[in-house]
Structure formats: structure tokens, C-alpha cells
Amino acid sequence: MGAAEAEDIAERLYGARGRATRFETEKDDTFLLNCAARGKFVLKIAHPSERMEELDFQVALMRHLEQRAPDLPIPRALRDVDGADLPIVTTSAGERRVVRLITFLPGTPLDRTSATAPQRERIGEILAKLRHSMADFSHPADVRAVAWDVTHLLDLTDLLRFIPGGGKRAWTVRALERFAEIKARLDLCRRQVLHNDFNTSNLVVDHASPQFLTGVIDFGDAVRTAIAVDVSTALMNQMPKTFDHGNRRDLFDEPRDVLRGYLRHAELTDEELRLIPFLSMGRLAVRALLTCWRAEIFPENSRYILRNTEAGWAHLEWFHSISTAQISDLLTR
């Protein structure tokens, strides 16, 4: 969808007149809508294949958090002029698509800047508070299967053919094998609705703010999953973008700061702490499998799809180089 059509939809549905600028996204048409004195918003026009109940789940979760923890830095979902949460439009291309308008949270995505150890601890604290705030939330769509939920990693084995041959495929296969060994233990772990995508592009920060983390965005992968999965995803996304095997102790140097902040506000069992490194490894494998596959079927969007994949190969190689016992002990020693 073009910006002009997005601007027309925003004005017609929300009375919001502004200039639309496209954001890079995986599948939705998403725009920054600058309404001058009225402020900035994010306009999301869902992909035609998106299911209404899943979009309703996301909006309901955001509203729950707004009521349960109004101090948490999350966007607010707005209703249209008729009071609808999820209005539907027929686009110029003849597609029926669901529209959402949410508040814009200013700041810099963390993937474009850096963080100190105390700032990473702050990220862990917010993740823990989000967990507590979501603990009593439920929705009919919260048990949907999300490909990025690591609990479904073994369902993705058919995508191995899209992984480049040689070391990259060997490292991914080994990650799958090790995940299979702990899957039964993961199935016994505590579960609830969780964000499930605490990656650095979804964390908005401001170095001038004492809070540092000024926004947690994109609830598109939220799902009912293991608490350990949610933490492992956050830790994996704090691993260094560049990795020197000779000069670093291990990949969890920075992620341990996030864990330290998290444990100030939420507990984890010894079993969860032993599983989290395997789940971080599993998330790396999920990313490799899904992005290599999607880049092949959507080559026009491959740069965006593969933006984080390259760094992950070195991470998978590092996991491949250490023993299963060493992985288990990474967060408990």
C-alpha cells in the first residue's frame, strides 16, 4: 500500500490527518503517521491473511497491560471514530484488511545503539514486570502456534534445506539435536501469555532518560509459552553482533546483565536456568531456518529478513564448540 492511501485511511477512520512514512516490516503495511500538533502515531494495515482473532488478542493484551501496569512503556491501541478496535477497509487493490492505530513511542531502537550493564539490567527488570502483568491474562487465541515460539522448533526441520551447506547447516542440525534432548523437560515448564519477542528492534531507548528503556513495541508474536522461552529470547538478543572466539569468555557476558535485572523482580527455577541457554540456542536455529526460507520466497525483502541472521552463524558455531554439560551450566555457575 502506498503512503497516500494510508493517509486517506487514517483520516477517514480516525480523523487523523497527517503524513505517512513507511516502516520496514516483515509482512504488514506499517507507517509512521505524523499529525503535527496532534503528535505521531503508528498505522498498521494488516496483511490480508492475518486472522481477526489473533489481531484481537494483541489489542486485548495491550489494553490489559494498560490497565494492569500503566507505568510500563508500551503503546496504546486507539479506537476509530465509531469506537471500533479493529476496523476493516477495502483497499484500492480490492483487499479486505484490518487497520490499527497505536501511539508512537519516541526514542531509538536498541539495535541502532548500545547499552551499558546497568541499562541492560533495566531491560531485564521491565521484562520481569511484563511477565507479572500478563500472568492473569487469557484470550481464545493465546494458544495459537507461532513459528517464532521456540517450543515449535522441531516442527521446522523441513526448512533445513534452505540453510547453506557446510558449517552453517552442521551447526543448525546440532542445535536441533540438542533441543530434541531437552524438549521433554521444556514441556513440563511453567507457561503463561508472554511477549515472546524481546529483541533489540522492539526495544526503544533514550540514553538521556533515567529509565533508558522508553518503549516495548510489537506484540505480534505474543503467545502462551514457557516463561523460560521468553527469557531465553531476551538473552539471545543481547548477544554481541560481532564475536571473537579467541578473546571472549562466552556469549552470555552481556545477556547475564539482563538476567540479573530480571531476577530482581521475578524468580526462575534451577531447571529453567539450566534450560534457558539451550532455548537461546534454539532461538538462533529458529531465526536461521525461518529467515533463510523466507528470504528465498520473498527475495525483494531479503535484506530486511536477513538483517540479523549473519551474526547468528558465529553464535551457533560457538554453541557447537562447547559440550552439552557446559551449555547447561552457563547460567547456574
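**Exercise 1: The cavity**

Task: In this predicted model, how many cavities of 30 Å³ or more are there, and which residues line the largest cavity?

Solution: 
- Step 1. Start with the idea. Rolling a probe the size of a water molecule over the atoms shows where empty space is left.
- Step 2. Count. The model has 1 cavity of 30 Å³ or more.
- Step 3. Take the volume. The largest cavity holds about 30 Å³ of space.
- Step 4. List the lining. Leu 284, Arg 287, Ala 288, Thr 309, Gly 312, Trp 313 and Leu 316 surround this space.
- Step 5. Assign elements. Helix 7 (270–297) and helix 9 (309–321) each give two or more residues to this lining. Helix 9 supplies the largest share, 4 residues.
- Step 6. Sort by type. The lining has 4 nonpolar, 2 polar and 1 charged residues.

**Exercise 2: A helix pair**

Task: At what angle do the axes of helix 3 and helix 6 cross, and which residues meet?

Solution: 
- Step 1. Two packed helices are described by the angle between their axes and the distance between the axes.
- Step 2. Read both values. The axes of helix 3 (residues 117–134) and helix 6 (residues 255–263) come within 6 Å and cross at roughly 45°.
- Step 3. The crossing of helix 3 and helix 6 is right-handed.
- Step 4. Find the contacts. Helix 3 uses residues including Ala 117, Arg 120, Glu 121 and Arg 131. Helix 6 brings Asp 257, Val 258, Arg 260, Gly 261 and Tyr 262.
- Step 5. Sort by type. The contact of helix 3 with helix 6 has 6 nonpolar, 2 polar and 6 charged residues.

Notes. Residues are numbered from 1 along each chain as its sequence is written. This is a predicted model: local features need pLDDT of at least 70, side-chain atom pairs count only at pLDDT 80 or more; totals for chains, interfaces and linings use all residues. Side-chain values use heavy atoms; hydrogens and water are left out. On a 1 Å grid over the protein atoms alone, a cavity is a set of points where a 1.4 Å probe fits but cannot get out, and a pocket is an open set with protein on both sides within 12 Å along at least five of seven lines; lining residues have an atom within 4 Å of a point. Grid points are joined across faces, edges and corners, and a volume is the space filled by probe spheres set on the points. Ala, Val, Leu, Ile, Met, Phe, Trp, Tyr, Cys and Pro count as nonpolar, Asp, Glu, Lys and Arg as charged, and the others, Gly among them, as polar. Axes are lines fitted to C-alpha atoms, for helices over the stretch in contact, and angles run from 0 to 180 degrees between N-to-C directions. A crossing is left-handed if the near helix is turned anticlockwise from the far one by less than a right angle, and right-handed if clockwise. Contact means heavy atoms within 4.5 Å.
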